[in-house]
Amino acid sequence: MQFHHHGYVSTDPRIQPAAGHGIDRPADLPEVMDVLIVGTGPAGMMTAAQLAQFPGVNTRIIEKRPHRLEIGQADGIQARSVETFQAFGFANRLIDEAYHITEMNFWKPDPTDPEHIVHAARTLDDPDGVSELPHLIVNQARILDYFAEFAMLSPGRVAPDYGIEFVDLTVHNRGEHPVEVTVRHTAGPHTGEERTVRAKYVVGANGARSGVRSSIGRTLSGDQANHAWDVMDVLAVTDFPDIRTKCAIQSRSGGSILLIPREGGHLFRMYVDLGEVPLEGSAAVRATTIEQIIERANQIMAPYTVDVKGVAWKSVYEVGHRLTDAFDDVGDTPSGSDARTPRVFITGDACHTHSAKAGQGMNVSMQDGWNLAWKLGHVVVGRSPESLLRTYSGERQVIAKNLIDFDKEWSTLMATKPEDLEDPSYLEDFYVKTAEFPAGFMTEYQPSMITGGTEHQCLATGFPVGKRFKSAQVSRVSDGNPLHLGHQAVADGRWRIYVFADAAQQPLDAGATVVDAANVAAPEGAVAGGDPATPTTQAPDPASRDLAAAAPAAHALGDWLGTSPDSPVVAHTAGFGRTADEDALFDLRVIYPRSHHDIDINQVPQIFKPKVGPFGLHTWEKVYAEHPHESIFQAPGIRAEGAVVVVRPDQYVAAVLPLSVHDGLAEFYRAIFTVER
């Protein structure tokens, strides 16, 4: 975290100065706004939190409840989401609070006594180290609280308008704020009153029964599995030995349980299989009592018992897999110059529903919100063309379809009796084989105006274009501190450009052994000039090394980025005004394939040490070297000639380019930014 840009900060450094629409923000919902978000679920709050970093965007978020969510439905936080939270500044606090999943146990009928279950298998949660961050369990309400805090501490000072529900909307083909929205007060002195507001854009994040979705003519289509599950968070006394470990429990005749420990050491969640639901039988299943569900759980877990002392939350749901054909009000209409710009978007459960057992609902919904929010921010403030907004539906609809296909297989397996599986270990084998998918790392965006091709992928095989930027260890040159490169990126809407320097010549390693030339030829133990031929350790002299000669392509790129009128940094940052920080739009970082002891930071191109704040203070924290024990150039596969890795504001790799292809980098950003040069 960097602060003190504008002088000494004696308060909480997470509190950014209010700016733009965050200054004197009206307490009541105004008549006109740029973006109206409907719903304060994971997708809605993620969208609001990101847009709060764009104080030039007048963002409001409404919620029909009169207050914050107190008991959340979702609880599984996949590692990809924790990486996301790192960018929003609360991952570490959440990690301390949450339950950590490190392995999953499988229980099945005892071959010698099939009416009882026995431990059958154990699998690691992340056997391949797909992420350095953990898989967590925590109440959804806490996640929303963290996003709400981030939004309020950001320059836009965005906060939910509780007690207001969405009624209907109409999109007009005229005016600066073409979306007319009818809302109704559900709490407070104006309860029951309706009013009309206008917005440039509306985001429907209001669940599977979304009125926003209905208002733009989108419908959820798919199938119902006719299989019901109860989910309940309980406090119980039990002799089941794995009560604090994630478990898939399959019995011979009593169905299945997915058991997930919750944060705090005592609470745990049970997804209890209620069996197939006959046609027209939904009402009866939803009327299942707590006592009946507890009895069912004890049947499944025999010979172990669960004595439930308290139920914090429960619900009954039928497995269904549904998807809308588009995630906005335009869909697959032609994208030419005369195409209508999307004005209304839907996110999360409003456009895709599935079972809860894959732990994907909240996680995928948040990525919907992030994908859309930074695009809205850039378009509304005039940095990017409206065509950028068309990429949201195109990217996220495919991801939701892949999720539903995965969840169909997983939920079917969970409901299948062990004796009906062709291979007794099929369930746990499937869990291991597909671990990367539910962890959130199979998303791969296809080429578009914001995602390039793979013709130069060989330069950086560890950073696949279209997939999330995987962090790795580096050493910061300014102070030698080891840290994760990806953890330095914050959710501020900026694009990241990582320059992995070339290695034209190898430097002398720090602490290398230097031998006096006069003694080189002497036999071992011989004396030359009266002194024994003992090696001496000599620290390198960074000032004597020509860093530009050691990494000529990286330094040529750095000079071009900082001075050429064709440079995207020069061309597009100018739109922020004369007082803008040099890194206001692009966060550039350089990584050298050498020890930090071998780098004279004064020889690093100025663009990687941007001036910030009214005092023009240099930023010293964007120059890195190899970590001494974990080379970022070897594990991710960076070629010796180096590479440019371009990363979107939502942490996905947008392009991999050679260091020498300056025009290619300029051309890539010309389609994304509209700031006049």
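A crossing is left-handed if the near helix is turned anticlockwise from the far one by less than a right angle, and right-handed if clockwise. With that in hand, look at helices H2 and H8: H2 passes H8 in a left-handed crossing. Their axes come within 10 Å and cross at roughly 40°. That makes H2 oblique to H8. On the H2 side, the residues that meet H8 are Arg80, Ser81, Thr84, Phe85 and Ala87, and their partners in H8 are Asn363, Met366, Gln367 and Trp370. Keep in mind that this is a predicted model.

**Around helix H2**

Just after H2 comes Gly89, whose phi is positive at about 85°.

**The whole chain**

Stepping back, the chain has 677 residues, and buried ones make up 55% of them. Its secondary structure comes to 14 helices and 31 strands. Take the contacts with a separation of 6 or more: residues 24 or more positions apart account for 74% of them. The chain exposes about 28,200 Å², with carbon and sulfur atoms supplying 50% of that area.

**Two serines in a loop**

Now for the loop between strand S13 (246-250) and strand S14 (256-261), where Ser253 is found. Ser251 lies in the loop between S13 and S14 as well. Here is how these serines come out:

| Residue | Relative accessible area | State |
|---|---|---|
| Ser251 | 6% | buried |
| Ser253 | 53% | exposed |

Why does Ser251 count as buried? Its relative accessible area is 6%, and buried means under 20%. Ser253 has 53%, and exposed means over 50%.

What does Ser251 touch, leaving out residues up to four places away in sequence? The answer is Pro109, Ile117, Ile300 and Pro418. A polar atom of the Ser251 side chain also lies 2.8 Å from the backbone oxygen of Gly255.

Ile300 turns up again with Ser253: the two are 47 residues apart in sequence, yet 7.7 Å apart in space, C-alpha to C-alpha.

Technical notes. Residues are numbered from 1 along each chain as its sequence is written. This is a predicted model: local features need pLDDT of at least 70, side-chain atom pairs count only at pLDDT 80 or more; totals for chains, interfaces and linings use all residues. Side-chain values use heavy atoms; hydrogens and water are left out. Helices (H or I, at least four residues) and strands (E, at least two) are DSSP runs, numbered from the N terminus. Buried means under 20% relative accessible area, exposed over 50%, partly exposed in between (1.4 Å probe, protein chains only). Contact means heavy atoms within 4.5 Å. Accessible areas come from the Shrake-Rupley method with a 1.4 Å probe; for residues, only the protein chains shown count as cover. A polar contact is a pair of N or O atoms within 3.5 Å; within protein, one must be able to donate a hydrogen and the other to accept it, and residues adjacent in sequence count only if both atoms are side-chain atoms. Axes are lines fitted to C-alpha atoms, for helices over the stretch in contact, and angles run from 0 to 180 degrees between N-to-C directions. Angles under 35 degrees count as roughly parallel, over 145 as roughly antiparallel, 65 to 115 as roughly perpendicular and the rest as oblique.
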